[in-house]
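Subject: Structure handover and notes

Dear colleague,

Please find the structure below, together with the sequence. My notes on what was found in it follow.

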Amino acid sequence: GALDGHAAALGLDVARFRRDRASDEVRARVERSRADGAAKGVAGLPALFLDGRPLAGGLPAEGELERLVEEALR
């Protein structure tokens, strides 16, 4: 699959990558990360936070991020 291709391009051991992806331990880690993100307001990826608050919808429009950062610094 596509992930195997990315793993190979990165020089990873693709067989180990497949085993690890299918393991209960990795599934549990992914689920913990997903639940932690959801508890913090992450609805999808990529996620952007500013001053501990999630910015819904990803990267704001041009100029908007600078305005939000300046506001947060005040």
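The expected span of a helix is taken as 1.5 Å times one less than its number of residues, where helices (H or I, at least four residues) and strands (E, at least two) are DSSP runs numbered from the N terminus. This is a predicted model, in which local features need pLDDT of at least 70 and side-chain atom pairs count only at pLDDT 80 or more, while totals for chains, interfaces and linings use all residues. Residues are numbered from 1 along each chain as its sequence is written, and side-chain values use heavy atoms, with hydrogens and water left out.

Helix H3 covers residues 24-39, and at 1.5 Å a residue its 16 residues should span 22 Å, which agrees with the 22 Å between its end C-alpha atoms. Of those 16 residues the number buried (under 20% relative accessible area, with exposed meaning over 50% and partly exposed in between, for a 1.4 Å probe and protein chains only) is one, so H3 lies largely in the open. After H3 comes Gly41, whose phi is positive, near 100°.

How are the helices H1 and H2 packed? Helix H1 (residues 2-9) and helix H2 (residues 14-22) pack at an angle of about 135°, with their axes 9 Å apart; the axes are lines fitted to C-alpha atoms over the stretch in contact, and angles run from 0 to 180 degrees between N-to-C directions. That makes H1 oblique to H2, given that angles under 35 degrees count as roughly parallel, over 145 as roughly antiparallel, 65 to 115 as roughly perpendicular and the rest as oblique. The contact (heavy atoms within 4.5 Å) is made by Leu3, Asp4, Ala7 and Ala8 of H1 with Val14, Phe17, Arg18 and Arg21 of H2. By class, this contact has five nonpolar, no polar and three charged residues, where Ala, Val, Leu, Ile, Met, Phe, Trp, Tyr, Cys and Pro count as nonpolar, Asp, Glu, Lys and Arg as charged, and the others, Gly among them, as polar.

Also in helix H2 is Arg19, which is exposed, with a relative accessible area of 53%. The C-alpha atoms of Arg19 and Asp36, 17 residues apart along the chain, are separated by 24 Å.

Turning to the strands, Asp51 sits in the loop between strand E1 (49-50) and E2, and has a positive phi of about 55° although it is not a glycine. Asp51 counts as exposed, at 61% relative accessibility. Arg53 belongs to strand E2 (residues 53-54) and, at 44% relative accessibility, counts as partly exposed. The C-alpha atoms of Arg53 and Gly41 are separated by 8.0 Å, with the two residues twelve apart along the chain.

With best wishes
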